Amino acid sequence: MTVSLHQDVIRTEMLSLVKSLKGQVADHQNSYVNMDLERKLPKNKVVSRDSGKREELLNEVCHEAGDCESCQLSRTRKHVVFGDGNPEANIVFVGEAPGADEDEQGLPFVGRAGQLLTNIIKAMGLERKDVYICNILKCRPPGNRNPLPEEIRLCESYLKRQLAIISPKVICALGTFAAHTLLQTDIPITQLRGRFHSYQGIKLMPTYHPAYLLRNPAAKKPVWDDIQMIMKEAGIPS
Ligand code: SF4
């Protein structure tokens, strides 16, 4: 009886030992397979899968904005101008609102000011498809008047969701309305520009709007200073 009990104990211990060894072997094999997969999977594969998800999420918000009638601008717009560019962008430019050309084409920054922004992006060594461009308001205020506080309040959630989905390294707020809306301040842009601020933990650089540069070419110099700081932060060689 004692011998049998002793044998049972030994058998139980043996079984437990074998089970433990099998577990360790399986863990080792899994970690080896995972390491191997990580080695074989190029980093941009992971990014492109992520990018697809971001694009999908942006499309959902874009679709929602396309039907939006939350404010009076829905009655006068031709197109909702949601945004354009790379959902994986490290840099997002945020302007004020669409103008006549943008309203016509449904794309942001395609008029004269847009051409200047495109030139700035080229001077950075990038193309428009490398960055993301959007506005605070998604519909054109008639006669290009300033956005009303109520319009900004009603439209803001689209921009907030865009920025949360893209989650860039740097946001460049173009002009007073973009800077004031994103930073919830009324400090003049002349005092805000030239240094980074924080929007939801993302570095934000306010600078002058390209439309202002068309009227004041001398302001191109400080804008280029701001852009160079953005490039450095985003890891773009100057
Ligand atoms: S401006 Fe914004 S809130 Fe107003 S209708 Fe267009 S999408 Fe909607």
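Which residue in strand 6 is the bridge partner of Leu174? The points below come to the answer by way of the sheet as a whole.

1. This is a predicted model, in which local features need pLDDT of at least 70 and side-chain atom pairs count only at pLDDT 80 or more, while totals for chains, interfaces and linings use all residues. Residues are numbered from 1 along each chain as its sequence is written.

2. Six strands form an open sheet of mixed pairing, in the order 1-3-2-4-6-5, and its edge strands, strand 1 (84-85) and strand 5 (197-199), each pair on one side only. Strands here are DSSP runs of E with at least two residues, helices are runs of H or I with at least four, and both are numbered from the N terminus; two strands pair if DSSP finds at least two bridges between them.

3. Strand 4 pairs with strand 6 in the parallel sense over five bridges, and the partner of Leu174 in strand 6 is Thr207, which answers the opening question. Strand 6 (residues 202-207) also pairs with strand 5, here in the antiparallel sense and over three bridges, with His197 partnered by Leu204 and Ser198 by Lys203. Two residues lie between the strands of this hairpin, where Gln200 takes a positive phi near 50°.

4. Strand 2 runs parallel to strand 4 (residues 170-174), joined to it by four bridges, and Phe93 has Cys172 as its bridge partner there. Strand 2 also pairs in the parallel sense with strand 3 (residues 132-135), over four bridges, and Gly95 stands opposite Asn135.

5. In strand 2 (residues 91-95), five of the five residues are buried, a residue being buried if 20 or more other C-beta atoms lie within 10 Å of its own, exposed if 12 or fewer, and partly exposed in between, with C-beta atoms placed from the backbone. Ile91, Phe93 and Gly95 lie on one side, and Val92 and Val94 on the other. In a regular strand the side chains alternate between the two faces of the sheet.

6. Not counting residues up to four places away in sequence, Val94 touches residues including Ile136, Leu159 and Ala178, where contact requires C-beta atoms, placed from the backbone, within 7 Å.

Technical notes:
Contact = placed C-beta atoms within 7 Å.
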